[in-house]
Amino acid sequence: MNVRHHVSDDLLSAYATGELVEGWSLAVATHLALCPDCRNRLRDFEAIAGELFEGLPASTDDMGSSWAQLSQRLADPSDGIIPAARQGVVASASRAPVLPEPLRSYVGSDALALKWKPLGRGAYQVPIPTGDGVTSVRLLRIPAGRPVPEHSHGGRELTLVLAGSFSDEKGRFCRGDIEEADEELQHQPIAGAGEDCICLAVTDAPLRFKSRLLRLIQPVLGI
Amino acid sequence: MARLLDAVASRRDIAAFEKLFRHFGPKVKTYMLKQTKNLHMAEELMQETMITVWRKADLYDAARGTVSAWIFTIARNLFISACRKQKRPEFDPNDPAFVPAVTEPADVGLASRQDAETLRAALRDLPPEQRELVQRSFFSDVPHSTLAEEFGLPLGTVKSRIRMAIAKLRKNMEDRR
Ligand SMILES: [Zn+2]
Ligand SMILES: [Zn+2]
């Protein structure tokens, strides 16, 4: 598998410094699980952050009392123990899961076992709650060969393909590929033939559909 | 620094840990103060960061980067979970769906030490204004719009200068490989 559409420098450096809120970070981290190239780039950004951190001026506060407090905790045996790693959601053993971590733990199971909610025209969604209060995050399943209604964006939209593929004005997107869209892009993604397209979609503003009817029922669909 | 951390990991060496604390503690506190603007929280999060360094010293992998970079990621994650009440989604290299790199570079340890040196030199070589912009934008000290006002530059210019400076730093690292 070769990923061809990657995370932009802006997003990746914001993810590295911790500025990026949870919803966007989920899409970036899931792309990173599928893309060794971007993991190398992330390492660069973390190295830059580390150097800038090293260059921060030292706090002039008296650290003596801090050390006194801290060194007492070192003797506490419970502080010497590494907490057990968080157990992720285990996928069925036979084949690699469609949804990589961290996404699989967010939705609670792999793609097949999910409770998909109909969106109309054969499309389904699974909303994913996050704590950031800014983004809206969902898994989408578009039937093979079918279009997503043409729309533009009120803000930023990240779409990460997990199964099947879609094509639009910017090219063809397969498993691992991520598309970053903004106010300037108007597109009509069409799912590739042969396999339903499952993707993770993150937005921070409602989509602007071209069709009047869709704009009317949009609040009901919550998209 | 890596040797001190190794002494903490292998021997629970308190003297080595104190040296790490004296070096990094005050920087972590500055970072936390910038993020939280709250002295009490900054102190608490600094202590939490340093105790995590003590507990997880054996998880530090010199091949993945410098001690500064590692401690920074610990501080960053603690800040996100404590103050933003948000999770920090991260990939899991042990997940069956994780796609590993096809080739591992021969000596990543050496490469990352060289990276750090190159990076330090490249940071020194940045024009002072660019260096300050990058530094302050990285730790969400102030929003870009405030930086623009302070430097008397249009917002777009501030953003593109930061982007240029970061691209320059990354290019330096790539050229070494
Ligand atoms: Zn990538
Ligand atoms: Zn779109």
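Analyst: Helices (H or I, at least four residues) and strands (E, at least two) are DSSP runs, numbered from the N terminus. This is a predicted model, in which local features need pLDDT of at least 70 and side-chain atom pairs count only at pLDDT 80 or more, while totals for chains, interfaces and linings use all residues. Residues are numbered from 1 along each chain as its sequence is written, chains are lettered from A and ligands numbered from 1 in the order in which they are written, and side-chain values use heavy atoms, with hydrogens and water left out.

User: Where does Thr203(A) lie, and is Thr203(A) buried or exposed?

Analyst: Buried means under 20% relative accessible area, exposed over 50%, and partly exposed in between (1.4 Å probe, protein chains only). Thr203(A) belongs to strand β10 (residues 197-203) of chain A. Its relative accessibility is 11%, so Thr203(A) counts as buried.

User: Which residues does Thr203(A) touch?

Analyst: A contact means heavy atoms within 4.5 Å. Leaving aside residues up to four places away in sequence, Thr203(A) touches Trp24(A), Val134(A), Thr135(A), Ser136(A), Arg156(A) and Glu157(A).

User: Which residues coordinate the zinc ion (ligand 2)?

Analyst: Donors are N, O and S atoms within 2.8 Å of the metal (3.2 Å for Na, K and Ca); water is not among the atoms, so sites may look incomplete. Here the zinc ion is coordinated at 1.9 to 2.1 Å by NE2 of His151(A), His153(A) and His187(A) and by OE of Glu157(A). Along the chain these donors follow the spacing H-x1-H-x3-E-x29-H. Within this set, His153(A) in strand β4 (residues 151-153) and His187(A) in the loop between β8 (178-181) and β9 (190-191) are 34 residues apart and link distant parts of chain A. His153(A) is buried because its relative accessibility is 1%, and His187(A) is buried with a relative accessible area of 1%.

User: How do α3(A) and α6(B) lie to each other?

Analyst: Two packed helices are described by the angle between their axes and the distance between the axes. Axes are lines fitted to C-alpha atoms, for helices over the stretch in contact, and angles run from 0 to 180 degrees between N-to-C directions. The axes of α3 (residues 36-54) of chain A and α6 (residues 128-138) of chain B come within 10 Å and cross at roughly 100°. Angles under 35 degrees count as roughly parallel, over 145 as roughly antiparallel, 65 to 115 as roughly perpendicular and the rest as oblique. The two helices α3(A) and α6(B) are therefore roughly perpendicular. Phe45(A), Ile48(A), Ala49(A) and Leu52(A) meet Val134(B), Gln135(B) and Phe138(B) in this contact.
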